[in-house]
Amino acid sequence: MTLDLTVTDATAAAKPAKTMPDAQTVTAVRHWNDHLFSFRVTRPASLRFRSGEFVMIGLPGDNGKPLLRAYSIASPNWDDELEFYSIKVPDGPLTSKLQHIQPGDEIILRPKPVGTLVLDALLPGKRMWFLATGTGIAPFASLMRDPETYERYEQVIMMHTCRNADELAYGRELVENLRHDPLLGELYGEEFASRLLYYPTTTREETPFMGRITDNLTSGKVFTDLNLPPMSIENDRAMICGSLAFNVDVKAVLEGFGLAEGANSDPKQFVVEKAFVGDGV
Ligand SMILES: Cc1cc2nc3c(=O)[nH]c(=O)nc-3n(C[C@H](O)[C@H](O)[C@H](O)COP(=O)(O)OP(=O)(O)OC[C@H]3O[C@@H](n4cnc5c(N)ncnc54)[C@H](O)[C@@H]3O)c2cc1C
Ligand SMILES: NC(=O)c1ccc[n+]([C@@H]2O[C@H](COP(=O)([O-])OP(=O)(O)OC[C@H]3O[C@@H](n4cnc5c(N)ncnc54)[C@H](OP(=O)(O)O)[C@@H]3O)[C@@H](O)[C@H]2O)c1
């Protein structure tokens with residue numbers, strides 16, 4: 001199998017006239033492996049969103065009607081463009097086509113952002129835990145790049161678990177780039193390294209850090225490895241994004257630490273959102 005690992009950029013690409021309602025132009029595409037890719041599109045001038053929210057995006061379907069799916073915005077709210085991180089579902093109605101987009105192409109983007117993974121849905125605290133599997137890291141790719149996250153919390157811990165190491169690459173590079181981010185560097189200097197802690201693990205491939213997020217929380221391994229106290233209702237806040245089974249199991253673990261699920265209208269200690277609907281491809 002050959003993988004297209006090229007980064008393409010549309011700076012030089014001619015922008016076609018907009019042909020669909022809510023059309024945005026693709027500016028860059030990057031394939032991370034044979035089942036994951038990320039891409040950037042132009043941002044509608046009027047689009048305001050809170051980091052962590054999702055929108056409906058898609059392509060015209062074979063019947064001419066828009067074929068839309070929910071996608072977390074992976075870029076922070078200050079970014080001039082919008083970034084998305086996507087799975088390629090074999091025979092998936094949308095992603096079997098979306099994976100072929102190129103800079104200069106158009107996608108449909110309905111500019112109505114919504115979602116539960118927003119800072120306002122949680123009570124103030126000391127530490128923020130982002131808990132994700134697979135493409136569930138997308139909303140946290142937005143929140144990790146938003147300075148407001150670090151204004152509200154002393155420490156941010158990104159736990160990301162995938163089956164194999166190559167599935168961690170998008171998050172790993174993003175965190176690495178953040179460590180050299182001029183804006184956050186200016187705000188926090190050298191201290192930033194201790195403000196954002198990254199805990200990637202695999203479950204099916206041998207790597208230095210392994211295990212499910214649920215197991216690493218219940219065994220206390222992650223607290224020992226990061227030299228942190230166990231979660232408490234006073235200090236710890238969390239956001240969960242993964243498969244339904246993952247969300248249900250992590251929720252139970254957090255409740256075991258005494259944390260309760262909140263919402264925009266009723267902020268508490270943690271919030272949950274599905275990374276996709278269904279049992280997995
Ligand atoms: C709130 C929300 C936010 C989402 N954000 C993202 C995102 O940022 N990136 C993204 O890739 N997808 C995201 N999804 C899933 C997305 O909406 C689509 O399901 C996905 O793009 C596949 O579309 P499809 O038409 O090809 O296949 P679909 O018919 O939509 O899905 C087919 C099957 O593939 C599996 N599947 C779908 N998406 C995923 C996934 N991401 N990871 C693992 N298995 C999956 C499920 O079993 C599903 O039943 C999100 C879903 C929800 C509800
Ligand atoms: N990713 C691949 O390489 C791959 C390849 C072929 C097909 N697929 C299919 O694609 C679908 C999605 O795959 P995916 O890897 O993105 O998602 P996934 O199966 O949900 O697994 C993602 C990560 O979450 C962990 N996990 C799953 N359920 C959990 C739970 N209840 N509590 C805690 N951790 C949990 C998994 O650990 P465990 O490994 O311990 O389950 C894995 O590390 C799956 O249905 C799969 O059959 C995936």
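Start with Met239: skip its neighbours within four places in sequence, and you'll find it in contact with Leu117, Phe130, Leu131, Phe270 and Val271. Keep in mind as you look around that this is a predicted model.

The largest nonpolar core has 61 residues, and the members that touch the most others are Phe130, Leu131, Met158 and Met239. If you're wondering about the general picture, nonpolar side chains tend to be buried together in soluble globular proteins.

The protein is divided into domain 1, residues 7-114, and domain 2, residues 119-274. Their centres, taken over C-alpha atoms, sit 25 Å apart. Where they meet, domain 1 puts 15 residues into the contact and domain 2 puts in twelve. Look at the domain 1 side of that contact: the elements giving two or more residues are β2 (23-33), β3 (36-42) and β6 (81-87). Of these, β6 gives the most, with three residues. What classes of residue does domain 1 use on the side that touches domain 2? That side has seven nonpolar and eight polar residues, and no charged ones.

Next, find ligand 1. It has 26 residues around it, and the ones that come nearest are Gly92, Leu94, Thr95, Phe276 and Gly278. Among the elements, β5 (66-72), β6 and β12 (270-274) each give two or more residues to this shell. By class, the shell has 14 nonpolar, eight polar and four charged residues.

Finally, step back and take in the whole protein. You can trace nine helices and twelve strands in it. Its radius of gyration is 19 Å, close to the 19 Å that the globule rule gives for 281 residues, so the protein is as compact as a globular protein of that length. Along its principal axes, the C-alpha trace spans about 55 × 40 × 35 Å. How much of the protein counts as buried? The figure is 38% of the 281 residues. As for how the chain meets itself, take the contacts between residues at least 6 apart in sequence: 70% of them join residues at least 24 apart.

Note on methods:
Residues are numbered from 1 along each chain as its sequence is written. Chains are lettered from A and ligands numbered from 1 in the order in which they are written. This is a predicted model: local features need pLDDT of at least 70, side-chain atom pairs count only at pLDDT 80 or more; totals for chains, interfaces and linings use all residues. Domain bounds come from an automatic or database domain assignment. Two residues are in contact if their C-beta atoms, placed from the backbone, lie within 7 Å. Helices (H or I, at least four residues) and strands (E, at least two) are DSSP runs, numbered from the N terminus. Ala, Val, Leu, Ile, Met, Phe, Trp, Tyr, Cys and Pro count as nonpolar, Asp, Glu, Lys and Arg as charged, and the others, Gly among them, as polar. A residue is near a molecule or strand if its C-beta atom, placed from the backbone, lies within 6 Å of it. A nonpolar core is a set of buried Ala, Val, Leu, Ile, Met, Phe, Trp, Tyr and Cys residues joined through C-beta atoms within 7 Å. A residue is buried if 20 or more other C-beta atoms lie within 10 Å of its own, exposed if 12 or fewer, and partly exposed in between; C-beta atoms are placed from the backbone. The radius of gyration is taken over C-alpha atoms; the globule rule is 2.2 Å times the number of residues to the power 0.38.
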